[in-house]
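The sequence and structure are shown first.

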Amino acid sequence: MIPDPISIEKCPPEYDSFRDEELDGQLRAKAKTELREDAGSRDAALAQIREFIAKHPQIVRCRTDVMFLLRFLRMRKFNVVEACNFLELGLTAIAKHPECFQVRDSVEEMNRFIRAGVIVPLGYNRDDQLVVLYRVAAVDTSWMTPAEIIKYAYVTVQVLGEDNRFQIGGVELIFDIGGTSMAYVGMWKLSDLNLLFVSADTALPARIKKVHVAPLVPLAVMFSNLCMGIISTKMRERVVFHKSIDDLKAAIDESVLPDIYGGKQSLEEANERFRQKVLEQRERILKHAEMTIDLSIPNPNSKNPANAALQSSVVDESVIGSFRKLNVD
């Protein structure tokens, strides 16, 4: 359960705890099998990552509640060192790219973007994966920017990522690139694309299980090839191209696929559910933007020789030392 209101105090007087009854039998089994998560590993890892936050000299304000921290631990299959690194990179992204990761939009601005239907969470498929649709044709290049698209991808994860089912089951993405135009291609700089795809590995804690891309029209193929050259090898292996929407339809659970693609649900209703959920959590989203990392302070995890003394006194004693107690790979 998400605390309300959320706290961004890095050393709160007390921490919340996970209630095992929040996981049904199927989710508990999946978490154990795929993520190596059980009550023992979870409690130990939460204590470790909270210690990391409390003693990290750069971290000024950060959430420490269970559901926030489990995003990173589950994303890295309870490898605590990697989860801490992922968290640090996420906070750094917030500091370096506030236009993408510090969400301060008004209700009107949120409504305007969401109602356009660019990013629409569709619901869970039979494999307990959240299916999310991205529609190029819905992007209005007269006022939408790459930063806004990245920002609302971030909002989607913030709103839906506080759920055990989302964190454990993962995400299946659908990229409908049929509306790709020169205006759309032209608005993306290489630096924007790099930020988008690097963000997927550093600032957007979501277990992306599969990515569907369709239909393969010439301009869209050219743009997709450019993107494929940027994404990680691991992510590239999860991308499936479909020549047509009909081919796509055969690969997606029709119970969540929108009716405009031959599925069984209304795209407008799915988008409206998402809009309502975003507005319900708007205050939490705004609070989340206040998390802070001070990059002017030397990073104890940096490989810069100038920070060697700090690495010795901070990392070995307060971070790495405690990690040695864990049996992680």
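## Packing of H2 and H4

In this predicted model, helix H2 (residues 39–55) packs against helix H4 (residues 80–96) at an angle of about 40°, and their axes are 10 Å apart. Angles under 35 degrees count as roughly parallel, and 65 to 115 as roughly perpendicular. H2 and H4 are therefore oblique to each other. The crossing in which H2 passes H4 is right-handed.

On the H2 side, the residues in contact are Ala45, Gln48, Ile49, Phe52 and Ile53. They meet Val80, Ala83, Cys84, Leu87 and Glu88 of H4. Sorted by class, the contact of H2 with H4 has 8 nonpolar residues, 1 polar and 1 charged.

## The sheet

Strands of a sheet pair through backbone hydrogen bonds, either parallel or antiparallel. Here, 5 strands form an open sheet with mixed pairing, in the order S2-S3-S4-S5-S6. Strand S2 (119–124) and strand S6 (239–241) are the edge strands, and each pairs on one side only. On average, neighbouring strands of this sheet are turned by 20° against each other, with direction ignored.

Strand S3 (residues 130–135) pairs with S2 in the antiparallel sense, over 5 bridges. Within this pairing, valine 120 stands opposite leucine 133 in S3.

Helix H14 (residues 267–280) packs on the sheet and touches S2 and S3. The direction of H14 makes about 95° with that of S2.

Key
Residues numbered from 1 in each chain as written. Predicted model: local features only at pLDDT ≥ 70, side-chain atom pairs only at ≥ 80, totals over all residues. Heavy atoms only, no water. Axes fitted to C-alpha atoms, helices over the stretch in contact; angles between N-to-C directions. Helix = DSSP H or I, 4+ residues; strand = E, 2+ residues; numbered from the N terminus. Parallel < 35°, antiparallel > 145°, perpendicular 65-115°, else oblique. Left-handed = near helix turned anticlockwise from the far one by under 90°. Contact = heavy atoms within 4.5 Å. Nonpolar A, V, L, I, M, F, W, Y, C, P; charged D, E, K, R; others polar. Pairing = 2+ DSSP bridges.
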